[in-house]
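Here's a quick briefing to read with the model open next to you.

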Amino acid sequence: MPGGIGEENLPTITLPYIKSAREGVVRLGMLVEKYGTYETNGVAFGDADEVWYWENIGGHHWIARRVPDDCYVVQPNRQGIDHFDLADALGDQHDYMCSADLAQWIRENDLLMDMPAHEEDAGETVEGLPRYFNARIAFSTYTWLDQLYNAPRKWYLCRRLTPSDARFAGPAPAFGPESLDIPWAMRPDKKLSASDVKDLLATTYDGTEYDPYGTKGTPATRHQYRYVGIDRTSECSILCIRPNAPAALRGVHWFAPASGPFNTAVALYANVKELPAYLDTPTEVTTGSLYWNNRLVAGLSDPQFFESYEAIQGYRLNTMAQGYQSLRETDAALEKLAAEGKANLDDMDDPTVIAELERANQALVDSVQTQTRALLGTVLDQRTVTMKNAFNMNDH
């Protein structure tokens, strides 16, 4: 492959050939070791039992770490894995994996940049290297672009998810918006739902001096950092694998197209052959597409954020609540069919199951389409009133 593997190649060269998150790490690692890559990137692999995060660290070399079961990872556009166990990665691979020649590559290029322990406390070694080291310091960047573009998003989301952590608190916190050493994985103060994740991925530093729609701070601080729910987002996907659900019902894709602060997420069963046409994104602007409808809502609402906020928030809450209801009712209906011997919920190709999942997806999307059209009319009316008021003021 000339030039090596790129981001656009990753789904097609991995997903059709794997059956678990761990297999995904191994396959992608093998391909990168063989073909190399022309860019650094990170990929998360998840199944009902594990989540792994894989990072390319240059050329033909890679590392991966299993996300602890009680933790979350916030990963902006920067390499993130910090603590790394080289012995596990080159041995049992319980929580860590890496390219086969990683130790040799580190030695040849003198890549261990974190300060060593005192000589008498050096601890275990692996192939002449410390067993434990900070992979982020060894392989990542620490630039002013990271401080302005990447670090603030991680800081805000971790602070929201783990507010009990004293390192984010006080007049001189250990972790601030430009901190580059916030831990890769952290434990949340409470369990997270798809709705929580949707709100976090739509945030604009809500309630801080850095919120571009807020009233705190100054015009300079309100545009100081790249925020999470940025307006040029094409789509956000929240992928849920429900370990307690039967195999054919396990995958749920919460799909949120267009700009996060102004859209909703639609709960879709993933084990289907076709998706509703309203979820397509044609090249021409049309109100027959959820993406373009939400783009229009965003364009009309952005200049009058607070006037539109209540309508958009109500729309999001209603449509996502209907998503949860659709999942609950469809699960129950299919479990009843299974009890009657009319469906096999452990068979991913059962035609009765797939037909029912497609029916549920279509019914929910039809409702979302109706509500999105109503929201578009509401924000259009609000925008018209705002413009009329502005003209009247100019007349006086």
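Helices here are DSSP runs of H or I with at least four residues, numbered from the N terminus. By that count, Thr372 belongs to helix H10, which covers residues 351-395. Keep in mind that this is a predicted model.

**Thr372 and its surroundings**
- Thr372 has 0% relative accessibility, so it counts as buried, the cut-off being under 20%.
- Leaving aside residues up to four places away in sequence, Thr372 touches Tyr278, Leu290, Asn293, Asn294 and Tyr315.

**How H8 and H9 pack**
- Helix H8 takes in residues 290-301 and helix H9 residues 305-339, and their axes come within 9 Å of each other.
- Those axes cross at roughly 150°. Anything over 145 degrees counts as roughly antiparallel, so that is the label for H8 and H9.
- On the H8 side, the contact is made by Leu290, Asn294, Val297 and Ser301. H9 brings Phe305, Ser308, Ile312 and Tyr315.
- Sorted by type, the residues of this contact are five nonpolar and three polar, with no charged ones.
- Leu290 and Asn294 of H8 and Tyr315 of H9 take part in this contact, and these residues are also among those that Thr372 touches.

**Aromatic pairs**
- The count of aromatic pairs comes to 19.
- One of them joins Tyr205 and Tyr210: the ring centres are 6.4 Å apart and the planes sit at 75°, so the pair is edge-to-face. Both of these tyrosines are buried.
- Tyr291 and Trp292 also make an edge-to-face pair, with 5.0 Å centre to centre and 80° between the planes. Both Tyr291 and Trp292 are buried.
- Elsewhere, ring pairs link up a cluster made of Phe84, Tyr96, Trp105, Phe133 and Phe139.

**Arginines over rings**
- Arg27 lies over the face of Tyr17, at 4.1 Å from the ring centre.
- Arg153 does likewise with Tyr149, at 5.0 Å from the ring centre.

**Positive phi without glycine**
- Which phi does Tyr205 have, positive or negative? Positive, at about 65°, although Tyr205 is not a glycine.
- Tyr205 is found in the loop between helix H7 (194-201) and strand S11 (235-241). Its relative accessibility is 0%, so Tyr205 counts as buried.
- Glu127 also has a positive phi, near 50°, and is a residue other than glycine.
- The loop holding Glu127 runs between strand S7 (125-126) and strand S8 (129-130). At 48% relative accessibility, Glu127 counts as partly exposed.

Conventions
Residues are numbered from 1 along each chain as its sequence is written. This is a predicted model: local features need pLDDT of at least 70, side-chain atom pairs count only at pLDDT 80 or more; totals for chains, interfaces and linings use all residues. Side-chain values use heavy atoms; hydrogens and water are left out. Axes are lines fitted to C-alpha atoms, for helices over the stretch in contact, and angles run from 0 to 180 degrees between N-to-C directions. Helices (H or I, at least four residues) and strands (E, at least two) are DSSP runs, numbered from the N terminus. Angles under 35 degrees count as roughly parallel, over 145 as roughly antiparallel, 65 to 115 as roughly perpendicular and the rest as oblique. Contact means heavy atoms within 4.5 Å. Ala, Val, Leu, Ile, Met, Phe, Trp, Tyr, Cys and Pro count as nonpolar, Asp, Glu, Lys and Arg as charged, and the others, Gly among them, as polar. Buried means under 20% relative accessible area, exposed over 50%, partly exposed in between (1.4 Å probe, protein chains only). Rings of Phe, Tyr and Trp (its six-membered ring) pair if their centres lie within 6.5 Å; planes under 30 degrees apart count as stacked, over 60 as edge-to-face and the rest as tilted. A charge sits over a ring if NZ of Lys or CZ of Arg is within 6 Å of the ring centre and within 35 degrees of the ring normal.
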